[in-house]
Amino acid sequence: MGRRLLIVDGSNLLFQMFFGMPSRIVNQQGKAIQGTLGFVGALRKIILMTAPACVAVLFDGEHENARAALDPAYKSNRADYGQVPEEENPFSQIGDVYKALDYMGIKHREAVHCEADDLIAGYALTYGQHTEVVISSFDSDFFQLLTDRVRETDHCNRKQDQKDNRIREKGQKWCIRY
């Protein structure tokens with residue numbers, strides 16, 4: 001089928017790792033690094049599981065969302081991380097995550113005029129026409145993009161069907177577990 005492209009929902013993975021680590025981990029200078037450490041470890045696992053030829057990590061930018069103007073309830077339940085103390089803010093570690101990605105030679109981008117989900121969908125629809133695309137995210141909105149060439153992976157092995165090694169969520173949609 002050609003080369004495999006791995007697209008990682010970076011904001012989603014950072015949130016999982018920041019809030020999913022068992023405790024706050026600090027470096028020698030006393031700076032919290034648990035989100036960065038978890039992010040790099042999980043990304044490494046995802047890369048080993050999927051064996052991609054190319055990797056892109058996409059993040060949500062800190063900008064006004066045009067969708068909120070259309071629907072004030074859109075993501076209104078989410079915290080404004082500009083108002084959250086650093087020790088409770090996953091974005092406080094984003095600079096270190098970017099440095100780690102640069103060190104690893106992994107391309108990354110922050111969405112400027114849209115959400116990372118829009119970029120991920122655009123890349124999946126464009127590149128999925130001629131190559132295999134694997135999306136790494138827990139966002140079930142991506143299930144609508146799944147085809148023979150566009151798949152979603154789950155590095156935490158949620159709801160695994162032991163019979164055929166697939167992960168099921170929301171009825172008919174399937175993710176392939178690598």
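Predicted model: local features only at pLDDT ≥ 70, side-chain atom pairs only at ≥ 80, totals over all residues.
Helix α2 has 17 residues. Its span from first to last C-alpha is 24 Å, close to the 24 Å expected at 1.5 Å a residue. The buried residues of α2 are Gln34, Gly35, Thr36, Gly38, Phe39, Ala42, Leu43, Ile46, Met49 and Thr50. They pack against the helices α1 and α4 and the strands β1, β2, β4 and β5. Ala51 follows α2 and has a positive phi, near 50°.

Helix α4 covers residues 94–104. Its buried residues are Ile94, Asp96, Val97, Tyr98, Ala100 and Leu101. Among the elements that cover them are α1, α2, β2 and β3. Gly105 follows α4, again with a positive phi, near 75°.

Six aromatic pairs are found in a search of the whole structure. In one of them, the ring centres of Phe15 and Phe19 lie 5.9 Å apart. Their planes meet at 45°, so the pair is tilted. Phe15 and Phe19 are four residues apart in helix α1, so about one helical turn separates them. Phe15 is partly exposed, at 27% relative accessibility. Phe19 is also partly exposed, at 47%.

The rings of Phe39 and Phe59 form a stacked pair, because their planes lie at 25°, under the 30 degrees that limits stacking. Their centres are 6.0 Å apart. This pair links distant parts of the chain: Phe39 belongs to helix α2 and Phe59 to strand β2, 20 residues apart. Phe39 is buried, with a relative accessible area of 0%. Phe59 is buried too, with 0%.

Ring pairs also join Phe15, Phe18, Phe19 and Phe91 into a cluster.

Definitions and conventions. Residues numbered from 1 in each chain as written. Heavy atoms only, no water. Buried < 20%, exposed > 50% of the residue type's maximum accessible area, 1.4 Å probe, protein only. Helix = DSSP H or I, 4+ residues; strand = E, 2+ residues; numbered from the N terminus. Contact = heavy atoms within 4.5 Å. Expected span 1.5 Å × (residues − 1). Phe/Tyr/Trp six-rings, centres within 6.5 Å; stacked < 30°, edge-to-face > 60°.
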